[in-house]
Amino acid sequence: MKLKKHWWAILYSLLLSAFTVYIALDTFVIATVYQAVEEAPSTDSVTESATSVIGSGKITNANAYCDENISITLTEYSANDTAIYVADITLSSAKYLQTAFAHSAYGRNVTEKTSEIAARVGAILAINGDYYGSQESGYVIRNGVLYRETAASGREDLVIYADGSFGIVSEEEISARELLESGAVQVLSFGPALLIDGVAAVTDGEEVGKAKASNPRTAIGILSPLHYVFVVSDGRTEESAGLSLLELAAFLQELGVQTAYNLDGGGSTTMYFNGEVVNNPTTNGKKIQERSVSDIVYIGY
């Protein structure tokens, strides 16, 4: 009888362990596609489309891109012992500010490198997004389509409207459907907001979850109508320490940014421009390589 009870205890422990492992894998590893998204055009078709729009006005080099609709200048700064890359962007229309999902699919743990997503959709410039796929809540509106409307407690979002203007909202105060009805085209749910009306919206010591004070960072900001910045900072290496949220906000403030928002950082932080990754993505500081992510924000046709 004692032996029988002993084996039942062992079997129960094994089943419990297997279930725990499955839950962990299902939450953090196993990719689940909820909805396929209309496949982005190939690079060739994007190039042909762009050429038909811009005619002979295209100018491209390692640090700049310019055509009749899109102007981008890339500048590298050094502040707080950190390398910071700033893409200054001016658009003729907000339609050139877009987002894209990994593998053209909305789902959980569906990931792809920022550079791979960017190349597939023909992006001129891209940064990693909010890594929505690692969360079960937080609004997801992309390119005018509502994918997730489950609110996250205490979460503030960046809303990009059809006219290209930015807004910061609390998910506890407005529904995703109300945002969509008000003209939201993109809603990014990570945060926090860094600047609102040119004033710092974060405090000294404020952080994302349990992240370190100095990190690789990704941010997006607006200076004036259709004038934006994409910003990434390297970190966790001897060459580049990384920034706190307040340091990032102060840097953006010096650039004249009015509204700025913090996106997923750390090992996800990546900027892609003119076919190349321009920063040094790293998770642990020991190896420079991109982390696969759920989504990107990009400039392109």
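Gln186 touches a run of residues from elsewhere in the chain: Leu97, Gln98, Thr99, Ile141, Arg142, Asn143, Leu158, Val159 and Ile160, leaving aside residues up to four places away in sequence. Contact here means heavy atoms within 4.5 Å. This is a predicted model, in which local features need pLDDT of at least 70 and side-chain atom pairs count only at pLDDT 80 or more, while totals for chains, interfaces and linings use all residues. Residues are numbered from 1 along each chain as its sequence is written, and side-chain values use heavy atoms, with hydrogens and water left out.

Gln186 sits in strand S14 (residues 184–188); strands (E, at least two residues) and helices (H or I, at least four) are DSSP runs, numbered from the N terminus. At 2% relative accessibility, Gln186 is buried, where buried means under 20% relative accessible area, exposed over 50%, and partly exposed in between (1.4 Å probe, protein chains only). Its side chain makes a polar contact of 2.8 Å with the side chain of Thr99, and another of 2.7 Å joins the side chains of Gln186 and Asn143. A polar contact is a pair of N or O atoms within 3.5 Å; within protein, one must be able to donate a hydrogen and the other to accept it, and residues adjacent in sequence count only if both atoms are side-chain atoms.

The structure holds five salt bridges, each a side-chain nitrogen of Lys or Arg within 4 Å of a carboxyl oxygen of Asp or Glu. The side chains of Arg142 and Asp295 meet in one of them, at 2.9 Å from N to O. Since Arg142 lies in strand S10 and Asp295 in strand S23 (residues 295–299), the pair ties together parts that are 153 residues apart in sequence. Arg142 is buried at 3% relative accessibility, and Asp295 is buried too, at 0%.

Glu149 and Arg177 form another salt bridge, with the closest N and O atoms 3.0 Å apart. This pair links distant parts of the chain, with Glu149 in the loop between strand S11 (145–148) and strand S12 (156–161) and Arg177 in helix H4 (residues 176–181), 28 residues apart. Glu149 is partly exposed at 40% relative accessible area, and Arg177 is partly exposed at 46%.

Glu136 lies in the loop between strand S9 (125–128) and strand S10 (140–142), and Arg108 in strand S7 (residues 105–108), so the pair ties together parts that are 28 residues apart in sequence. Glu136 is partly exposed at 48%, whereas Arg108 is buried at 14%.

Turning to the sheet, nine strands make an open, antiparallel arrangement in the order S2-S3-S4-S5-S18-S17-S19-S15-S16; two strands pair if DSSP finds at least two bridges between them. Strand S2 (59–61) and strand S16 (199–200) stand at the edges with a single partner strand each, so one side of each is left without a neighbour in the sheet. Further in, strand S17 (residues 217–224) and strand S19 (residues 259–263) pair in the antiparallel sense over five bridges. Within this pairing, Gly221 has Ala260 in S19 as its bridge partner.
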